[in-house]
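These are my notebook entries on one protein chain. I set down what I looked up, step by step.

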Amino acid sequence: MAFRKITSSKSRLLFTGLILIIIVPGLWFLAGEAKDWVKSIYAANVPRTTAFPSSSTPDQICLTWNGDPATTQAIQWRTNPAVTEGIVQYRKRDETSAQPMEVKAEVSSLEDRLVGNDPVNQRFTATLKDLSPDTVYAYRVGSPAVNSWSLWLEFATAPVEPESFSFIYLGDLQVGMFAWNKLLNRAKEIQPNTAFYIMAGDIVNRGTKREEWDELFNEAQGFFDNKPFVPALGNHDYAKQKSPEQYLKIFALPENGPGELPKELAYSFTYSNAFFVVLDGNQPPEKQSGWLDQQLAGSRAVWKFAVFHQPAYSSKSSRDNEDIRESWGALFDRYHVDMVLQGHDHAYLRTYPMKDGKKAASAKEGTYYVVSVSGSKFYDQESHDYAEVGFTKTDTFQIIDIQTNGKSTCTYRAYDAEGKIRDEVVIEK
Ligand SMILES: [Fe+2]
Ligand SMILES: [Fe+2]
């Protein structure tokens with residue numbers, strides 16, 4: 001009897017111990033989850049302000065392409081809700097006495113009710129068509145009804161025949177907009193004639209917060225209003241939303257992407273003798289492979305560039321994106337994509353020319369993969385056998401210069417904020 005009593009009190013002790021081991025961490029975990037949940041609900045409902053509220057004067061003027069860069073130009077801007085219609089007036093820059101032509105813009109509201117001092121913006125998009133290739137146009141945007149106009153600005157259409165040109169590629173901005181503006185100014189100082197600006201995603205930190213886009217456009221004044229902006233989507237532009245709603249409302253982009261994805265997430269275009277394919281690394285890569293195959297197979301361009309956010313060759317093994325490398329790498333090999341321009345890892349990395357996951361003998365056989373960062377948030381970097389150049393804690397911009405005199409040459413240079421060249425490759429064809 002005494003023996004049974006001891007056993008039963010031991011069992012009770014064991015049972016109580018087990019309950020404590022299971023229940024206490026469980027409760028601890030649930031409390032943490034609940035705290036995060038309450039925090040996220042709170043954060044998602046806290047009123048915010050924008051430092052750059054809209055007015056009846058057009059601002060955030062941004063050029064993008066949603067058609068052929070040689071004959072079309074999309075122009076976007078915003079005002080406050082008092083302005084209900086908008087037009088673009090434009091003419092060839094050299095025809096100073098010509099009556100400007102006009103195109104009516106489409107208008108839609110962009111609402112972010114939590115931006116307390118400016119919750120609703122009017123977004124305008126006009127697409128100019130049938131433009132002459134290789135021509136500089138003067139334009140202004142505004143509203144005759146309220147007699148509110150931008151200054152006269154300029155853009156240039158792309159050449160039809162292969163011509164030399166340069167473009168600028170930037171990695172993640174995400175945080176540090178003020179320093180980013182200085183970086184852009186440095187880039188413009190070194191290459192004032194860039195044809196366009198590519199950004200490989202994480203353009204803002206929280207794509208659901210309109211005030212961050214307002215900050216971006218404030219810093220991009222004098223850049224994206226006279227040279228087209230070519231964006232790719234980063235995870236921070238989605239900000240955990242299924243659809244990057246604000247990004248899609250702000251930018252008019254080509255609708256020639258994969259049928260398996262919503263429009264404008266991925267797209268392609270040709271500029272001079274170069275083909276650009278912009279992919280969405282946030283979406284399943286295999287849904288884009290068939291389209292990517294067709295796009296690369298169909299291009300006769302001398303140079304081929306791919307742009308997306310999550311890198312195929314990353315800075316850290318914990319940030320590896322094997323699915324992207326597996327789904328797209330073989331296609332980059334087959335059609336010989338020259339350079340892949342990426343972001344996400346917040347540290348500079350350029351691979352050797354790569355083919356089939358291995359170092360190729362030269363750029364003639366392989367593809368360079370680049371990760372760069374243009375903002376002020378930096379991550380560590382591990383050493384990798386595929387990395388030819390890698391460094392950390394440095395924001396850079398990249399100027400890519402295509403020369404077409406005789407044989408074609410692609411000169412790639414990465415510069416730091418002081419304008420010092422930090423990496424360089426030259427590919428000849
Ligand atoms: Fe990022
Ligand atoms: Fe990212």
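Before I looked at any sheet, I noted that two strands count as paired if DSSP finds at least two bridges between them. The model I examined is predicted.

**Entry 1: a sheet with antiparallel pairing.** I looked up strand 2 (residues 73–79) and strand 6 (residues 120–128) and found that they pair in the antiparallel sense over 7 bridges. Within this pair, I located Gln73 opposite Leu128 of strand 6. Both strands belong to an open sheet of 4 strands, whose order is 1-2-6-5 and whose pairing is antiparallel. At its edges I recorded strand 1 (59–64) and strand 5 (106–111), each of which pairs on one side only. From one strand to the next, the twist averages 20°.

Entry 2: I next traced an open sheet of 6 strands, in the order 12-11-10-22-23-24, and noted its mixed pairing. Its edge strands are strand 12 (229–231) and strand 24 (421–428). Direction ignored, neighbouring strands here are turned by 20° against each other on average. I then checked strand 23 (residues 409–416), which pairs with strand 24 in the antiparallel sense over 7 bridges. Ala414 has Asp423 in strand 24 as its bridge partner. I also found helix 2 (residues 177–190) lying across strand 10 (165–170), strand 22 (396–403) and strand 23. Helix 2 runs at about 25° to strand 22.

**Entry 3: two helices.** How do the axes of helix 6 and helix 7 cross? I found that the axes of helix 6 (residues 286–298) and helix 7 (residues 322–334) come within 9 Å and cross at roughly 5°. Angles under 35 degrees count as roughly parallel, so helix 6 is roughly parallel to helix 7. Where they meet, helix 6 contributes Glu286, Ser289, Leu292, Asp293 and Leu296, while helix 7 contributes Ser327, Trp328 and Leu331.

**Entry 4: the nonpolar core.** I looked up the largest nonpolar core and recorded 100 residues in it. Tyr197, Ile198, Val278 and Val307 have the most contacts inside this core. At least three of its residues come from each of domain 2 (59–156) and domain 3 (165–428). I then listed the residues that Val278 touches, leaving aside those up to four places away in sequence; among them are Val230, Tyr267, Val307 and Phe308. I noted as background that nonpolar side chains tend to be buried together in soluble globular proteins.

**Entry 5: the whole chain.** I counted 7 helices and 24 strands in the chain. Of its 429 residues, 42% are buried. Among contacts between residues at least 6 apart in sequence, 71% join residues at least 24 apart.

How values were computed:
Residues numbered from 1 in each chain as written. Chains lettered and ligands numbered in written order. Predicted model: local features only at pLDDT ≥ 70, side-chain atom pairs only at ≥ 80, totals over all residues. Core = buried A, V, L, I, M, F, W, Y, C linked by C-beta atoms within 7 Å. Buried ≥ 20, exposed ≤ 12 C-beta atoms within 10 Å, placed from the backbone. Domains from an automatic or database assignment. Contact = placed C-beta atoms within 7 Å. Axes fitted to C-alpha atoms, helices over the stretch in contact; angles between N-to-C directions. Parallel < 35°, antiparallel > 145°, perpendicular 65-115°, else oblique.
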